[in-house]
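Please open the model in a viewer and keep the selection panel at hand.

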Amino acid sequence: MPPDLKSCSFFFLYDGSKVKEEQDPTRKGICYFYPEETPIDKQELLCGQLAGAGRCVSELSSSPVHVLRLRRNKFSIRMKDDFLWALGCFVDIPTVSVCELLDHLISLFCFYNGSVRQSYQLNRPETLASRWAQYLSHHQQGTNDLHHIFSCIKTIDSTNVDPLLLLKAALILQACQRCPLVLAGCILFRGRVVSTQMTPALTMKVMVHENETFIKSQRHSSAGSSAVKDPVSSVPVFLTTSELHYLQSTPVDKEIKTHSTPCKETQHRKPRLSRTLSDTLSTDSEPSESGSSQSLLKSPPSSTDNVFVPGTADPLLSSSSPLPNGKEEDVSFYHSFCTNGDDITDNSMSSSGAEANCASGGIAGNGRTMLDFNGAAGTEEVCDGGLRRGSGHVVPSGAEGAPDCQNDDSLVPMMLYLHRVKGLVLILLVERHFLDDSASMEEVYHSSLAALNGLEAHLRSVTPGAPGAQGPYIFAHFDSIQSTLTSNLSGRPGAAHERPFVRAASLLHSHFCNTETLQEAIIRSAGAAVYGTRSVAQETYFLQHGTVRNSGIPNHQDSAFSLPTKARHRLLKHGVNLL
Amino acid sequence: MTSFCSARLRVQAEQQALGYTRGLSLSLQTSRGSFVHMKCLLIASESAEVLFYWTDPEFQHNVQQQYGASQEEGHGLPAFEDSISTLFAPVIISCITMVDRLGDSYASFTTENNHVYVLQQFEECLYIAVNGDGDEDEDDLRRKIYVMKKMVEVLFGMVTLSSTLLRKELRPQDTELRTRLWKKLQSLLETYSHLRQNDQSFLVEAVERLIHPTLCEQCIEFLERRLVQQLNSSGERAGEEVVHAFILVHTKLLAFYSSRNASSLVTSDLLALIIMAQNMYPSSSDLDDNGPEDAESTSGSGPDVFYTPEPSPSEGDSDSSNGSSKLKKTHDMPVFEFVDPDLQMAEDSLQSLRVPPPDPSTPQRVFLEVSLKEGLYPMMPHSMYCLPLWPGITLVLLTKIPTSALAMPIYVFLEAFAKLEKRLQEGHEGSAATRGPPAIQEVRGKLDKFIKVLGPSDIQAVPLLNVWTEFKNRAFSKGGHGFTKDLIPWCKNMKTQLCGIYRQCFLSDSGSVDAPRHLSLGLQERAQALVQEKLMDWKEFLLVKSKRNITMVSYLEDFPGLIHFICIDRSTGQMIAPSLNITEHNSSELGKGPVAQFIKRKVWGLVNAARRYLQKGYSTVTLRDGDFFFCYFLWFENETGFKLDAVDLPILPDDSAPIGMLSWDYYRKLRRFYSKNHQGELVRCFELLTIHLGVIPSEIILQHCRQLASKLWEPSRNPLL
């Protein structure tokens with residue numbers, strides 16, 4: 001029997017710069033070692049040997065070691081400056097997955113702590129060790145074995161939720177984004193993504209902090225102390241310049257330069273940071289689903305019944321231009337609805353989106369050009385010019401903010417703004433000085449509060465669907481664009497009858513990753529036949545229980561070869577279209 | 001004592017390595033140009049001593065540059081093997097440390113620029129294979145390592161069972177001898193690599209027969225009635241007996257004959273012998289056959305790498321009788337004084353002046369598996385005569401040597417001591433450790449007798465006798481400790497001594513001039529002439545036929561859309577596949593050069609993919625890859641052709657021995673595994689690989705596969721068989 005798939009057996013960070021002299025003990029270089037209870041001499045052995053052998057091979061090939069396999073473990077290795085990271089997993093996990101996981105862990109650390117070298121200069125190693133432990137344990141929580149193969153985001157079961165709620169969530173995020181200090185956001189419910197504007201990789205990072213607080217708050221509530229803490233909190237984070245660039249290059253901002261016209265005279269117009277659901281929601285905090293959507297789709301956004309923060313509206317944020325027209329807005333919303341509101345990029349790409357953005361561009365353009373470093377992103381200077389302006393204005397003595405376009409890894413300090421409403425949380429990636437800007441804060445807070453409350457109430461009332469409708473088959477469907485996984489695998493890790501499926505999926509996934517041209521595969525052992533297929537955007541695996549045994553000689557009547565047809569047919573009801 | 005020494009050595013080396021790696025980490029930043037190719041295979045001892053290496057010119061260049069950079073004293077470039085050992089030392093030592101302290105060791109490294117390093121330890125020898133051009137993946141490199149080990153076993157036999165002796169065998173003190181041996185091994189490795197990359201039968205590791213039933217039959221009859229009979233009744237055979245004879249056309253088998261009382265030759269050994277024959281007489285047309293790509297990849301070393309320079313026969317003739325006789329006389333001395341394997345080192349250095357150049361009439365000593373009624377004996381000594389008939393066509397004779405009977409008891413003793421050692425190491429003591437078979441008392445009696453028999457012969461059995469006496473004192477006498485852990489070193493010692501005897505018997509050239517120990521040159525020439533005469537009219541036909549054994553054309557009508565297939569009978573170790581001609585001037589149905597090259601790459605890729613799935617227990621695989629549809633099937637039949645039910649196949653770890661038949665017969669294991677549930681039935685195992693155009697409906701493809709599978713092994717129905 002193969003050992004249960006477990007994502008990590010060893011993880012360590014070794015700082016070679018601490019062990020330069022002959023008498024330096026290896027332990028001086030060990031920054032963090034998991035499992036922490038490992039005897040120190042074994043830690044030293046692994047760190048010392050792997051680092052030494054790794055360096056020797058790197059030297060021979062003039063290239064850092066990437067993967068190191070032992071007989072019983074395989075390690076993904078990263079070497080940078082004097083640091084060496086190693087993540088060891090059991091050999092059954094695909095190598096690509098181990099490498100992805102390590103890269104993710106490192107980028108997680110940098111996201112919350114900034115550059116590794118600096119963090120270790122500024123913080124006590126114990127503090128940072130607990131962070132590594134936190135990030136690791138976050139990854140060990142995968143609900144089933146497939147999560148070790150595919151790095152995926154936990155989302156709410158969208159088949160169970162009224163699509164309009166997803167739309168609502170998307171709109172809340174869009175509304176918040178209208179504040180120029182807000183880069184992007186996501187909404188989580190009970191540790192699962194409801195809607196996100198960020199790339200899957202960034203969403204995963206953002207979720208880690210929230211998951212921790214969510215688990216903590218659950219513990220608190222179970223302990224009886226339901227004392228609600230401040231619903232709004234913030235965490236400093238760091239974005240890589242490429243991430244920042246990606247966020248800034250969304251068409252939302254692209255239009256700013258071209259459309260921004262200084263027209264201060266229009267600043268007195270109605271504030272309309274939220275031009276969407278919150279309008280209706282604020283009047284009717286618990287609208288019926290249909291009512292809410294109706295009002296959304298029908299009410300022109302230029303309607304002046306906007307009641308949120310009516311008096312305190314920041315004139316700078318007020319819209320100078322009325323929205324082009326309601327109809328186009330509707331199209332835009334509809335589009336967002338179709339894409340589950342996942343990506344504002346799609347939304348804005350649509351023809352109407354450009355005009356809608358023109359409006360938002362107008363907002364930003366109105367005397368806020370100084371703050372609007374986002375706006376520059378779409379221009380020819382790209383991140384460079386934009387950032388410099390940004391760092392000048394926003395980042396206080398932005399040492400790290402100093403852009404270095406040569407080095408993609410330089411980190412830009414940012415903030416995570418979190419607004420919690422019971423199980424629901426709104427997370428926004430904001431500029432650091434957003435927190436000093438009480439006006440913006442309040443705006444964002446008030447513009448979203450009612451909508452969040454409403455959304456929370458609805459999501460809470462959604463009864464979780466029958467867990468993993470088990471049929472005479474097992475399937476897994478991985479959306480590689482959105483990094484989401486749909487599967488009817490039971491939650492129990494290592495369930496015996498599911499193991500053949502997981503093993504096959506793991507092998508096929510490796511094969512798909514290594515062979516670009518491979519589209520479909522059927523592999524069969526005596527007991528199980530698994531069909532795998534992939535396209536640019538997805539990978540799907542399917543196993544039908546009760547495959548009839550046969551001799552293995554080619555036979556077109558063999559049930560294994562009807563798997564593609566069966567998969568196409570069966571998976572339709574799971575929302576997976578293989579046609 | 002020795003363990004203490006090696007421990008100290010290790011510590012020293014470790015410190016060196018540590019300091020070295022630290023130095024390296026600094027110089028890492030100043031990285032030099034990357035080396036695209038870079039291939040290497042290294043065998044090192046636990047103390048990082050190089051026992052053998054092979055590198056391509058790029059790797060050598062890289063190493064020299066690295067070494068040159070760190071060596072500024074200006075003593076000139078140190079010997080290449082020193083540089084390579086220094087460069088690899090940290091990895092080797094780290095590997096040993098990991099085994100000692102963690103019980104786990106490195107299997108492979110991959111760097112960001114996709115260089116792959118595979119490490120595999122056999123006893124005290126560490127094999128490292130490196131690839132830097134993406135041609136070979138981890139599995140390929142591991143296979144290369146196992147094939148290298150197989151070749152060493154075929155050449156050195158049971159000496160490989162004693163690390164101490166093998167180390168000396170692989171790395172003779174005498175540099176000239178060492179150079180010659182390493183050159184030979186290097187060229188064998190290159191021949192293998194070339195065959196694996198270009199020859200389908202070495203891709204799937206099964207023998208390909210030349211398909212011409214009438215001629216085959218005639219040739220087999222000829223080998224039996226005329227050749228072998230005549231040879232074995234000749235007075236000039238010096239006690240040797242021809243047991244197998246076969247004719248190769250390039251790598252394909254035209255005819256194979258085994259004498260009646262001979263054990264069958266296993267596929268693994270036959271494939272190894274074909275590599276050796278190809279190495280000795282590389283088919284010149286093989287070189288022409290390389291596509292432009294291949295020519296490029298070997299251009300660095302030039303085509304001469306495939307030729308082992310042999311002294312011309314005429315020169316050897318006149319020389320061998322007197323010249324080598326003198327040399328042999330003096331050569332007798334150290335062997336005579338052979339006392340202890342440890343002393344051999346000093347003696348080896350004396351041999352530097354008396355290494356005779358290889359005599360062309362001297363056969364190659366090979367060690368092959370023999371299965372007899374009493375059991376399976378691996379690595380039994382044979383002589384191999386490789387007689388070139390024409391370029392590309394070779395006659396190979398395998399003879400049993402007169403003293404080979406000695407090898408069997410030695411193997412039995414070695415096995416007994418190895419078992420005993422293993423049991424003692426596992427913590428068994430007393431009678432639990434000595435439980436047979438064979439019972440230790442039985443071994444005791446036999447070994448006493450064996451040593452007595454050795455007494456009057458040329459063989460120096462004194463050290464064996466001494467160690468054995470000591471062993472008996474400790475194990476059996478009242479004053480001794482009996483069968484306890486203390487006996488483990490003595491088990492090792494006994495093994496070394498037995499291997500030493502084996503080495504004296506079968507590896508050292510101690511034959512006296514007056515009684516040559518092999519078929520006389522005249523006899524060899526007669527055999528050569530006899531077969532040449534027989535095949536004279538067929539010569540041209542055979543050479544062409546070997547290139548176009550079967551062609552896809554004959555299958556296109558019945559199987560539209562089929563591009564290529566390989567069918568393998570794993571029970572006989574034979575394969576059938578349409579020829580893949582990839583030469584520029586030799587177009588096939590697949591078209592010329594690039595297209596054929598493309599298909600060839602697909603075939604090679606498919607075989608590798610199928611193996612990976614088989615390793616994990618999947619016996620059926622279909623893949624849609626680009627415009628192609630691949631199928632792989634493995635199934636079992638009984639003798640009568642009845643298809644047997646599929647069973648769950650064993651799931652092997654990633655670094656298990658490669659799946660194939662050359663270095664390790666996976667399929668024999670598989671058939672045995674299957675037989676467990678089908679007692680008494682002879683199980684046959686088949687494999688079929690096909691490549692179709694992707695537009696063909698999969699139902700039709702599967703029907704094709706079915707038809708191919710049932711058709712190919714039935715000669716009556718196949719127009720080509």
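A residue counts as buried under 20% relative accessible area, as exposed over 50%, and as partly exposed in between. The model is predicted, and every stop below should be read accordingly.

**Stop 1: a salt bridge between a helix and a strand of chain B**

Select B:Arg668 and B:Glu369. These residues form a salt bridge in which the closest N and O atoms are 3.1 Å apart. The pair connects distant parts of the chain, 299 residues apart: B:Arg668 belongs to helix H23 (residues 666-675) and B:Glu369 to strand E9 (residues 364-372). With a relative accessible area of 25%, B:Arg668 is partly exposed, whereas B:Glu369, at 15%, is buried.

**Stop 2: a salt bridge between two helices of chain B**

Next select B:Lys472 and B:Asp448, whose side chains meet in a salt bridge with an N to O distance of 2.7 Å. B:Lys472 lies in helix H17 (residues 462-475) of chain B and B:Asp448 in helix H16 (residues 440-454) of chain B, so the bridge ties together parts that are 24 residues apart in sequence. Which of the two partners is buried? B:Lys472 is buried, with a relative accessible area of 18%, while B:Asp448 is partly exposed at 27%.

**Stop 3: the packing of H14(B) on H16(B)**

To display the contact, select B:Pro409, B:Ile410, B:Phe413, B:Ala416, B:Phe417 and B:Leu420 in H14(B), together with B:Ile440, B:Val443, B:Lys446, B:Leu447 and B:Phe450 in H16(B). Sorted by class, the contact of H14(B) with H16(B) has 10 nonpolar, no polar and 1 charged residues.

**Stop 4: the packing of H6(B) on H9(B)**

Now select helix H6 (residues 175-198) and helix H9 (residues 267-280) of chain B. Their axes are 9 Å apart and the packing angle is about 110 degrees. H6(B) and H9(B) are therefore roughly perpendicular to each other. On the side of H6(B), the contact is made by B:Lys184, B:Ser187, B:Leu188, B:Thr191, B:Tyr192 and B:Leu195; H9(B) contributes B:Ile275, B:Met276, B:Gln278 and B:Asn279. The contact of H6(B) with H9(B) comprises 5 nonpolar, 4 polar and 1 charged residues.

**Stop 5**

Select helix H1 (residues 40-61) of chain A and helix H3 (residues 80-102) of chain B. How are these two helices oriented relative to each other? Their axes come within 9 Å and cross at roughly 155 degrees, which makes H1(A) roughly antiparallel to H3(B). H1(A) passes H3(B) in a left-handed crossing. The residues of this contact divide into 13 nonpolar, 3 polar and 3 charged. Those in H1(A) include A:Leu45, A:Leu46, A:Gln49, A:Leu50 and A:Cys56, and those in H3(B) include B:Phe88, B:Val91, B:Ser94, B:Met98 and B:Arg101.

**Stop 5**

Select B:Glu540 and B:Lys539, the side chains of which meet in a salt bridge at 3.8 Å, N to O. B:Glu540 is exposed, with a relative accessible area of 53%, and B:Lys539 is partly exposed at 22%. Over all chains, a search of the whole structure finds 48 salt bridges.

**Stop 6: two buried residues**

Select B:Leu580, in the loop between strand E13 (574-576) and helix H22 (593-615) of chain B. B:Leu580 is buried, with a relative accessible area of 12%. Its C-alpha lies 8.7 Å from that of B:Ile599, a residue 19 places away in sequence.

In chain A, select A:Glu243, which lies in helix H7 (residues 241-248). At 15% relative accessibility, A:Glu243 counts as buried. Neighbours within four places in sequence aside, A:Glu243 is in contact with A:Leu202 and A:Lys205.

**Stop 7: chain A as a whole**

Finally, select chain A, which contains 17 helices and 15 strands. Of the 579 residues in chain A, 58% are buried. Among its contacts between residues at least 6 apart in sequence, 69% join residues at least 24 apart.

Key. Residues numbered from 1 in each chain as written. Chains lettered and ligands numbered in written order. Predicted model: local features only at pLDDT ≥ 70, side-chain atom pairs only at ≥ 80, totals over all residues. Heavy atoms only, no water. Axes fitted to C-alpha atoms, helices over the stretch in contact; angles between N-to-C directions. Helix = DSSP H or I, 4+ residues; strand = E, 2+ residues; numbered from the N terminus. Parallel < 35°, antiparallel > 145°, perpendicular 65-115°, else oblique. Left-handed = near helix turned anticlockwise from the far one by under 90°. Contact = heavy atoms within 4.5 Å. Nonpolar A, V, L, I, M, F, W, Y, C, P; charged D, E, K, R; others polar. Buried < 20%, exposed > 50% of the residue type's maximum accessible area, 1.4 Å probe, protein only. Salt bridge = Lys/Arg side-chain N within 4 Å of Asp/Glu carboxyl O.
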